[in-house]
Every structure is written in C-alpha cells, then in structure tokens.
Amino acid sequence: MKEKIEEIKKSLESDIKNANTLQDIVDLKAKYIGKSGCITELTKNMKDIPEEERKQVGSLANVIKNEANELISNKENEINTIIINEKLAKEAVDISLPATEIPIGSPNILEKVIEDFEEVFMSMGYDVVDGPELEEDRFNFELLGLPKGHPARDAQDTFYVKGDELLLRSHTSPVQARTMLAKGGNEPVRVICPGKAYRRDDDDATHSHNFTQIEGLIVDKNIKLSDLKGTVTVICKKLFGNDTITRFRPSYYQFTEPSVEMDISCFSCKGKGCNICKNTGWITIGGAGVVHYDVLKGCGYDPEKWSGFAFGFGAERCAMLKYGISDIRTFYNTDLRETKPFDRKEED
Ligand code: DAH
C-alpha cells in the first residue's frame, strides 16, 4: 500500500508539471481527487487493510490527499494568472494614441423655432394641440369656406390620397375646425398647432412640398382685429427682438374676414433695406384674420355670441430669417456637411 501511495505521488508530481491548461486541471482532478480518482479509491479500500497497518496507511492517504488538493489548486491559480495576464496584454490600450473625434449633435433649428413659439404662446395661456397630417377634405377645405369646386382650392395644390376625400393637409388650418368642433361651441378656445403641411409645389430655394406652419386660434367673447394685432406684436417682439415693429396688410383668406398678411420690420437692417428683406425693410411671416362668421357657425360656435382670430406662421420662413438660411431645402437635407453650418450655437 505504501508503495502504491509513493507511486501516486510520483505520477501526480509529473502530471502537475505537464499541466498547462484549465482542461488539464479538470483531468487532474478527475484522475486523483474526483469521485473515482485514485486517491479517493485508496480511502474507499481501507477496510481491506490489516488493522495494525490501517492507521498508518490512513494517515498517509490523508497526507497525499491534502497534498494533491494543494498542488492542483496552486497549479490552477498559476494557469488562471497566465490567462488573465495574456488577456490584459492583448487588450492593453495605448493611451498615447490620439482620441477618435466624437461629433456632438445639436438641436434642429426648425424645432428650436417651434419650441420658442410654443413657449411664448403657452406663457400667454395657449394650449399646444395636434392634428392629423392625413386629413379629410371636410376639415382642410369645406369647413374653412372652401367648398368643392371653389377656385381658391387651386392655390393649395393638394396631394389627394384617396379619391377626393382624403388628402395630405395643405395647411394647418384644419386643426382650427377640429378644435372648435371638439370643444362643442360653448367654451373659449386658445390654441396653437405647430405641424407639417404638404403641397404639390416644385421644390426650390423658397418652396418645399413639405413645410411647417404654426397655426393659432382664439375664440372668445368680443375678440377683435386689434386683439390679433396686439397678440402678434407681443409675440414677434419676444421672438425677434424688442425693437421689432409689426405691420398688417389687407389680404384675403376664405376662413377669415377681414384677413391680413403679417409683416415684421427686418431685424437685420432694422427697416433700412437689405438683401434679407429685399430692400423693403419688411419681412412677411404669415397670414391671419378674424375668424369668418360661417367658419364659426359651421364649427358649432354661435357667431352672434362668439368671435375669434386665427393666424398661420411659416415656421421655416421664421427660422430662415432668424438664422440667415437662404435655402428651405436645408431643413430637409440629411447631409450633415450641409446642415452643420446652421447648427444652433449654445447662445440660447
Ligand atoms: N392657412 C393659410 C395658408 O396656409 C395661412 C393662414 C391664413 C392661417 C390666415 C390662418 C389665417 O389661420 O387666419 O396660407
């Protein structure tokens, strides 16, 4: 028995020497100290050993068992350390290399202009509402004084989607009709609706088949054209600078009476004349007017009791003027090299 233990010891030492991988360790454990390892087997056969030898053999077996455990676990640690060191060496970072440039994004300036509008209007008690871009003819035209066959429909070259009932809204004004109908005709309305609109325009520097408007509507008792002028003037001063002057020119829309075109004094030349304002000193930023009698009526408001004003700002136009952009297509261009120069600086 003693010889057998000596033999195991020798073979263990040589196996340990030759072990290089974690798989070798697994094999070593199985061979020596596993369930049917040779050292485990030794202790299992104790009962066959004569009594006078048993004690001594028992203690020798224990010694070899502890030794095997220790040798194997030391070797395992050694192999693990080698593996970790190799991994670290492979993953080492050369901190002297120049860093990769990570481009920093910036908010879209069109969104920024819309947010500015929203903020100012909300501070004046307006709610921001939404409407569908895929719109019904009824809301886009009929309820706004543009029945089928009306010649003024031609001016809004419309994308029809299904027959002549479903279309891509040609302006954000249908949200006026939707809002009034939803309110039910007996409570005041004070909303703005920024959103996309679509027209079959040929794209060029100042036209896009897809553009953004900021629609507004207020309906209450005794609302007059002067309220529209006051509101728009305050808004424009806040958005374009305190020294901005507003001008309202007579115009025509089917859904407002009277209707106006809204101009602001050119913030670049302060009215003296420059290339931004085409030497007129004024810049047109949208249309507006007093809500037409028939529109109020058609949308459930009694025009004898209620009155209101509405407006529609061109969002791209405002952003182009504010940021000195000369081509509307810039907003819809995904080429960062072209849009980057117009990234909003963190001045705001
Ligand atoms: N919807 C008009 C357009 O797209 C703009 C407009 C004019 C909106 C007058 C209004 C308004 O709310 O009252 O040209």
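1. Cys 269 counts as buried because its relative accessibility is 11%, and a residue is called buried when this value is under 20%. Please keep in mind while checking this that the model is a predicted one.

2. Cys 269 takes part in no disulfide, although the sulfur of Cys 266, which is the nearest cysteine sulfur, lies 3.6 Å away. A disulfide would require the two sulfur atoms to be within 2.5 Å.

3. Cys 274 is likewise buried, with a relative accessible area of 15%. Its closest cysteine sulfur belongs to Cys 266 and is 3.7 Å away, so the pair is too far apart for a bond.

4. How many disulfides does a search of the whole structure find? The search returns zero. For a reader new to the term, a disulfide is a covalent bond between the sulfur atoms of two cysteines.

5. Turning to the sheet, three strands form an open arrangement in the order β2-β4-β3, and their pairing is antiparallel. The strands at the edges are β2 (134-136) and β3 (159-162), each of which pairs on one side only. From one strand to the next, the twist averages 40°.

6. Strands of a sheet pair through backbone hydrogen bonds, and they may do so in a parallel or an antiparallel way. Here β3 and β4 (residues 166-168) run antiparallel and are joined by three bridges.

Key: Residues are numbered from 1 along each chain as its sequence is written. This is a predicted model: local features need pLDDT of at least 70, side-chain atom pairs count only at pLDDT 80 or more; totals for chains, interfaces and linings use all residues. Side-chain values use heavy atoms; hydrogens and water are left out. Two strands pair if DSSP finds at least two bridges between them. Helices (H or I, at least four residues) and strands (E, at least two) are DSSP runs, numbered from the N terminus. Axes are lines fitted to C-alpha atoms, for helices over the stretch in contact, and angles run from 0 to 180 degrees between N-to-C directions. Buried means under 20% relative accessible area, exposed over 50%, partly exposed in between (1.4 Å probe, protein chains only).
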